[in-house]
Amino acid sequence: MPKLKPEDLDKIAEKVKRTTLLREGEGRMRLMVHMGTCGIAAGARTVMKTLLGEIEANDVKDVLVTASSCAGLCSREPMMTVEVPDQPPVKYVDLTSDKVKEIFSKHIMGGEVVSEFALAQGSERML
Amino acid sequence: MVHRAHAMICTCTNCVSNGSLRVKGALEEEIKKQHLQDDVKVVPTGASGLCVKGPILVVQPEGIFYQLLTVEDVPHLVEEHFLKGRPVKSLMYVPPGEEAPIPNIRDIPFFKNQRLIALRNRGLIDPDEIEEYIARDGYKALAKALTSMTPEEVIEEVKASGLRGRGGGGFPTGRKWELCRASSETPKYIICNADEGDPGAFMDRSVLEADPHSVIEGMTIGAYAMGGTQGYIYVRVEYPLAIKRMIRAVEQAREYGLLGEDIFGSGFDFDLDVFQGAGAFVCGEETSLIASIEGRPPEPRMRPPYPAQSGLWGKPTNINNVETWANVPVIINWGAKWFAEIGTDTSKGTKVFSLAGNVNNAGLVEVPMGITLREIVYDIGGGIPHGKTLKAVQTGGPSGGFIPGDLLDLSVDYDRLQEAGAIMGSGGMIVVDENTCMVDMAKYFLEFTTSESCGRCNACREGLQAMYQILTDICAGKGKEGDIELLEELAPAVKDASLCALGRTAPNPVLTTLRYFKDEYEAHIKEQRCPAGVCKALIEYSIDPEKCKACMLCVKNCPEGAIFGEEKQPQTINQEKCIKCGLCRDVCKFEAVKVQ
């Protein structure tokens, strides 16, 4: 290992932060893959793998991915909810690996909702 | 490799002794079994602070806090949370006296009300990976100091920050560095005092275990400022995990060129070694510590000359405590002005405390100076268990004193604590409730200092022994008229005629209990009564016939068979058989067992 120079610190930090950023618990977007029994049976794991793969391939650092439970619409699984602070969440349904890639490039990278795969914007009323 | 979740499992000494390594193993195994190893990464971290609830697991990015985990909990947890995304409520933190759990670590009052500077990386990085430290601005302060600041500028910055020694003395750190820099002799030595010895205190251990590089970076910056070339981290051998992590951290820092010759290409050389002390309380005193590194018996010597002029092997030496060193990189990175805005006029920044004793959330807390004891005990500590009332808070360990409950709004800084007769100390904080006998507590601390006295000074060796004997007699019901006066006379004598801080502070627990709880001493001596019901020679257990429901629970639990009576009638205790263990009182559901 060669001796570090001051500018090497930022390079190491950049590299490691990609993997540790999620420990801060903040991002510009949160992607929730619904992984209830129904979701997993319908292929939620593939959706999750594709998402993580896209994040790595595109070197995205400010998006969090979490698993969540069944959203209630089991017949339309696999589902994913995209949450952006101060905006109504978007629920995508009947996902496949290809659809996820398209959503990733258009919505997550481009900020544009892919309405043909989306079920609805917004959530149920709570309490 | 990008994961969607990091399972941050605490591997501090507390959690490890509660089985966190087994839980970690089970987690890894179960995650593999569910084919989630590409999704979820298990990261070992240092102490999260809420040590009484260990083993602790924090799942990020959601920040879900799990406590008191067992290996048996793991399969359910992995399936529910990691696979199906349903956090497991039954394993979460529930505030004292409430029923609903708090899922997120950021919402738990214990964590929310703290401010982390020295412990900034606790629970967030793997202490064995230098790159994770670097990713959290690690070694940036060192780079800044070496490339853009002169040694004098570094000292000015530390002086301006108002940082004072966190080991207990509270001496201004920048001033100490300046004195060492002014010495013309070479080589100069830089020492980290990690000989933490207060009973119940583990601040330094936690920093070493959770974030060893913060200490290395702070020491290297100090060495640059003072012109030091060799450093020692003096850790007591009772801290095997801290030693292991520190040695690994030093090796990694060397490998990355952050220790050794020509650091960052600046021409500055500095190296560090970990020195394992055999664990004597007196080694926390700097001249004894130096003697110990030199291979001599750890006994203090006269000062001056101070170590800044003549320390290790007669050369200029600077010693700071672990927590002090861990603050240094932040001060250089963020600036003295930022640091000096936290805290009070005379005490800047934050302080780490080991919160222990009769408090719900025992653990490790870091709070801004100036916070009140009440906030620490009630807001962060969650109050006193079993609805009892607080009697006193002890700060500073065996060298400190007791602060009574009615001074709970006292602000925590070096000077206010001193005025109240206690000291900041290195950060032990023991909360005691109404069922604690203050004479007995003073006796406990004196027993510790008596056995840890190195024996060099007559006053400390003999004086403490004499005071301990008096306290033992008082607790045994053999106290006599004049004992209090004798204690009051002995205490200042021991303080005045001892060389080092051990002897100079050892009478503090007696002095503060005499100052605030003299009535308890008097009750022991004059009335042969222990008001808190602790000292066995002075108490008697009895059963209130009005309250006794004849449930026989006490009869079943009494180890001596000392409780008797007819069926369905109030029971009685046979005083000759009773060993005063208190079990009957603990099991009674009707508060019928009384202590007098």
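Two residues are taken to be in contact if their C-beta atoms, placed from the backbone, lie within 7 Å. The views below come from a predicted model.

**View 1. Where domain 2 of chain B touches domain 4 of chain B.** On the domain 2 side, that's seven nonpolar, one polar and two charged residues.

**View 2. Helix 7 of chain B packing on helix 10 of chain B.** Helix 7 covers residues 151-161 and helix 10 covers residues 212-226 of chain B. Their axes run 7 Å apart, at an angle of about 120°, so the two helices of chain B are oblique to each other. The crossing is left-handed.

**View 3. The residues at that helix crossing in chain B.** Helix 7 of chain B brings B:Pro151, B:Val154 and B:Ile155. Helix 10 of chain B meets them with B:Ile221, B:Tyr224 and B:Ala225. Sort this contact by class and you get six nonpolar, no polar and no charged residues.

**View 4. Helix 9 of chain B, tucked away in the structure.** This helix spans residues 203-210, and eight of its eight residues are buried, so helix 9 of chain B is largely enclosed by the rest of the structure. The buried residues include the charged B:Asp204, B:Arg205 and B:Glu209, along with B:Met203, B:Ser206, B:Val207, B:Leu208 and B:Ala210.

How values were computed: Residues numbered from 1 in each chain as written. Chains lettered and ligands numbered in written order. Predicted model: local features only at pLDDT ≥ 70, side-chain atom pairs only at ≥ 80, totals over all residues. Axes fitted to C-alpha atoms, helices over the stretch in contact; angles between N-to-C directions. Helix = DSSP H or I, 4+ residues; strand = E, 2+ residues; numbered from the N terminus. Parallel < 35°, antiparallel > 145°, perpendicular 65-115°, else oblique. Left-handed = near helix turned anticlockwise from the far one by under 90°. Buried ≥ 20, exposed ≤ 12 C-beta atoms within 10 Å, placed from the backbone.
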